[in-house]
Amino acid sequence: MFQVKLKGNIVLVTGAAGGIGRAIVERLAREGADVAVADLHLEPVQEIVSMVEQMGRRALGLSIDVSKKSQVDDMVSQVISEFGQIDILFNNAGIVIVQEFLDIKEQDWDRIMEVNLKGVFLCGQAVAREMVKRNKGKIINTASLAASRGRPEIAAYAASKTAVVSLTRSMALAFAGQGI
């Protein structure tokens, strides 16, 4: 039996439609959180919203490309409008394209960096602006073991996740004195 540790918390989860994201949302809802479910793909988002609501929690589904600032800003505004605040941001959106190092296409490199790194930056910045107003919040960024162990077939992904680890450390230092 789960304890209701997060009752009253509003959590925004990006990349919520995939396996890890869905599991994160389910666990958060079981622990009492209301969840904003954000992903590029709306159909699975709607299914997850239904699951959360069946668990007796409030949910909001959002289709978003985390690499687009205007969409990120709109997402944060919608969550604030619906729930009044964001207590926890779970930056989980990410992509991997399996390619040997010499076969990585520039557009694939750019897209991986846009989603995996820029998305964490944009979402973190937008949500942190709201959290600073309340002097309270938590930001969780999903990295990967690939951040500390390169692999030749996912070099771009590994590089992006290494950068996420560094960005997370910098964010922690930037907001430590502000309750975040």
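I worked from a predicted model, where local features need pLDDT of at least 70, side-chain atom pairs count only at pLDDT 80 or more, and totals for chains, interfaces and linings use all residues. Residues are numbered from 1 along each chain as its sequence is written, and side-chain values use heavy atoms, with hydrogens and water left out.

**Sheet.** I took helices (H or I, at least four residues) and strands (E, at least two) as DSSP runs, numbered from the N terminus. I found five strands in an open sheet, ordered β3-β2-β1-β4-β5, with parallel pairing; strands pair if DSSP finds at least two bridges between them. β3 and β5 are the edge strands. I then looked at β1 and β2, which pair over five bridges. Thr14 stands opposite Ala38 of β2.

Buried means under 20% relative accessible area (1.4 Å probe, protein chains only). This core has 26 residues, and Leu12, Val72 and Val127 are among those with the most contacts inside it. Helix α4 gives the largest share, seven residues. A second, separate core has 20 residues, including Val37 and Met51.

**Helix α5.** I checked the length of α5 (residues 155-175): its 21 residues should span 30 Å at 1.5 Å a residue, and the end C-alpha atoms are 30 Å apart, which agrees. The expected span is 1.5 Å times one less than the number of residues. Tyr157, Lys161 and Phe175 are among its buried residues. The buried residues of α5 pack against α4 (106-134) and β5 (138-141), contact meaning heavy atoms within 4.5 Å.

How values were computed: Buried < 20%, exposed > 50% of the residue type's maximum accessible area, 1.4 Å probe, protein only. Core = buried A, V, L, I, M, F, W, Y, C linked by side-chain atoms within 4.5 Å.
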